[in-house]
Amino acid sequence: MRTQIRQAPSSPTGQRGGKRRRAVSAVAAAAFGVMTAGVLAPPAALAADPATASARARPDVVQQVLNTLVRDDGLPAALASVKGRDGRTRTYTAGTGDLATGSKVPRDGQVRIGSNTKTFTAVVVLQLVAEGKLGLDDFVDTHLPGLVRGEGIDGSTITVRHLLQHTSGLPEYGNHLDDDEIRYRYVEPRDLIDIALRYPADAAPGKVWGYSNTNYVLAGLIVQKVTGRPLAEEIDRRIVKPVGLRHTYFPAPGDMTIREPHPKGYHRNPTDGPLREYTEMDPSWGWAAGQLISTNSDLNRFFGALLGGELLPDAQLAEMRTTVPVGGPSDLRYGLGLTSRALSCGGVYWGHGGDIAGYETRGGVTDDGRAANVAVTGVPWTDAGTKHVLEAVDKALCG
C-alpha cells in the first residue's frame, strides 16, 4: 500500500512515497486511492473468445487506455477484466509483467487489491448485523471495552456505522509508517491501533467524512470478538467460498508472496527515487483494511454477487448503499465499505478500489450487471495516471 491502503476513488489513501499519506489529493479524492518508469510491451490482447475478432479489427477503447497507462504514464503493466452489456467477459493486458526478464503480463493475474479488502470486511460486519450479533449503532466500547481512548477519542462515542463509513474522526495510522521500514515486518492489528491513538482525533464522531484505515482495523477486531474466529477465516467461509472466488485469499502471517501467476509490482519511495520491484512484502499492516490478494475477474464476481443480493439481506445492502459525499471536487460517495461514482454514459457504478505499494486496482459494477476492474503494477505518481485508470473503468463500463 502506498503507505496507506487506499481505497477507491482513485483510492482515498495512498502514499506517494515515504510516509503513508491519508489520501485525499484532488485527484485521489476525486477517486479513492505513485509511482514508476515503465516500458511499453506489445499491445495486450483481448480475451480469447469469438467476440474479439471484430474488436481486433478496430481500436478497442479499453485497450487504448491501458496502452496509455504504460506508454505515457510509465506504469510497467495494466490488466483489466470487463463484463459488457452483452454479458461476455473480456480480459486485457498491456505492458510487461517483469521488467527484469521482459516476460508477458499474465492474463487476469493475481494482484494485491489493497483497500478493496474493506468491502469484504464490511460485508462480514453487516452479515453479523443481519444475524443479530451486533448493531450498526453499537458503540465500539460495547465490543472492545476501553481499547479506544486518546486525545479527543472515546470508544463510547464512536459507533460501528462511524467505522464503516469513515466518519469516526479517528486518526490514520498509515501516516506514521514507512513502506520500506515495514515491508518485511509483521504487525499486530492492536499495534496499528496503538499507533493511531498516539495522535489526536481528526474530528468528533459523525461530523465529517475522513478516510482512515484505523476504522477498518477496529471493524476487523470487532468481527473477531463477536465471532471468536480469525477475520481471515470469516472472510473465507462467508464470502470467498460461497461466491466461488477461486483466486482470492487472505495471506497468512509471514506469507509475503503472491501464490498464482502475477505481474510483478513496482514502487518508488520517495516518488522521485528509482523504480524498484516491490512484489514481496508482509501486508499485515493493512490487515482488515487492505491485506487481500485477488484478480480482476474475482473482484467483478464479488461486487456482482454483493450488488445482486447474494451476500446480504435487502436491509443491510440498503444500509451499505446509503452514501455520503467525500468532499472536494469529486463525485465519489462513500457508503458502508462501498463507493459510488458517476459514469460518463449516465448512472453510477458501485465498488471500492485500492492502492498498496506495487499495485493499484479500480473498478465496480452497475445495477444492470455490467462489471469492470482495472489493475496497474504501481500506484500512479501523477494526476494524469490516476485519471487514466479511472478513465479505463469508465470506458469499460460505458462501452
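**Exercise 1. A proline in a loop**

In which loop is Pro-270 found? Then work out the geometry of the peptide bond from Asn-269 to Pro-270.

Solution. Bear in mind that you're looking at a predicted model.
- Step 1: find the flanking strands. Pro-270 sits in the loop between strand E6 (266–267) and strand E7 (276–277).
- Step 2: check omega. For the bond from Asn-269 to Pro-270 the angle is near 5°, and the bond is cis.
- Step 3: Most peptide bonds are trans.

**Exercise 2. Two positive phi values**

Find where Asp-108 and Trp-287 lie, and look up the phi of Asp-108 and of Trp-287.

Solution. 
- Step 1: Most residues other than glycine have a negative phi.
- Step 2: take Asp-108. Asp-108 belongs to the loop between strand E2 (89–95) and strand E3 (111–112).
- Step 3: take Trp-287. Here phi is positive too, about 35°, and again the residue is not a glycine. Trp-287 is part of helix H11 (residues 287–290).
- Step 4: decide whether Trp-287 is buried. The cut-off is under 20% relative accessible area. Trp-287 comes in at 9% relative accessibility, so it counts as buried.

**Exercise 3. A helix pair**

Describe how helix H4 (residues 116–130) and helix H9 (residues 213–227) pack.

Solution. 
- Step 1: read the geometry. The H4 and H9 axes are 10 Å apart, at an angle of about 40°.
- Step 2: classify the angle. Under 35 degrees would count as roughly parallel, and 65 to 115 as roughly perpendicular. H4 and H9 are therefore oblique to each other.
- Step 3: get the handedness. The crossing of H4 past H9 is left-handed.
- Step 4: list the contacts. H4 contributes Lys-118, Thr-121, Ala-122, Val-124, Val-125 and Leu-128, while H9 brings Asn-213, Tyr-216, Ala-219, Gly-220, Val-223, Val-226 and Thr-227.
- Step 5: sort them by type. The contact of H4 with H9 has eight nonpolar residues, four polar and one charged.

**Exercise 4. Ala-232 and the whole chain**

How far apart are the C-alpha atoms of Ala-232 and Phe-250? Then zoom out to the chain.

Solution. 
- Step 1: get the distance. The two C-alpha atoms are separated by 5.8 Å, with Ala-232 and Phe-250 18 residues apart along the chain.
- Step 2: zoom out. The chain has 14 helices and 15 strands, and of its 399 residues 62% count as buried.

Key: Residues are numbered from 1 along each chain as its sequence is written. This is a predicted model: local features need pLDDT of at least 70, side-chain atom pairs count only at pLDDT 80 or more; totals for chains, interfaces and linings use all residues. Side-chain values use heavy atoms; hydrogens and water are left out. Axes are lines fitted to C-alpha atoms, for helices over the stretch in contact, and angles run from 0 to 180 degrees between N-to-C directions. Helices (H or I, at least four residues) and strands (E, at least two) are DSSP runs, numbered from the N terminus. Angles under 35 degrees count as roughly parallel, over 145 as roughly antiparallel, 65 to 115 as roughly perpendicular and the rest as oblique. A crossing is left-handed if the near helix is turned anticlockwise from the far one by less than a right angle, and right-handed if clockwise. Contact means heavy atoms within 4.5 Å. Ala, Val, Leu, Ile, Met, Phe, Trp, Tyr, Cys and Pro count as nonpolar, Asp, Glu, Lys and Arg as charged, and the others, Gly among them, as polar. Buried means under 20% relative accessible area, exposed over 50%, partly exposed in between (1.4 Å probe, protein chains only).
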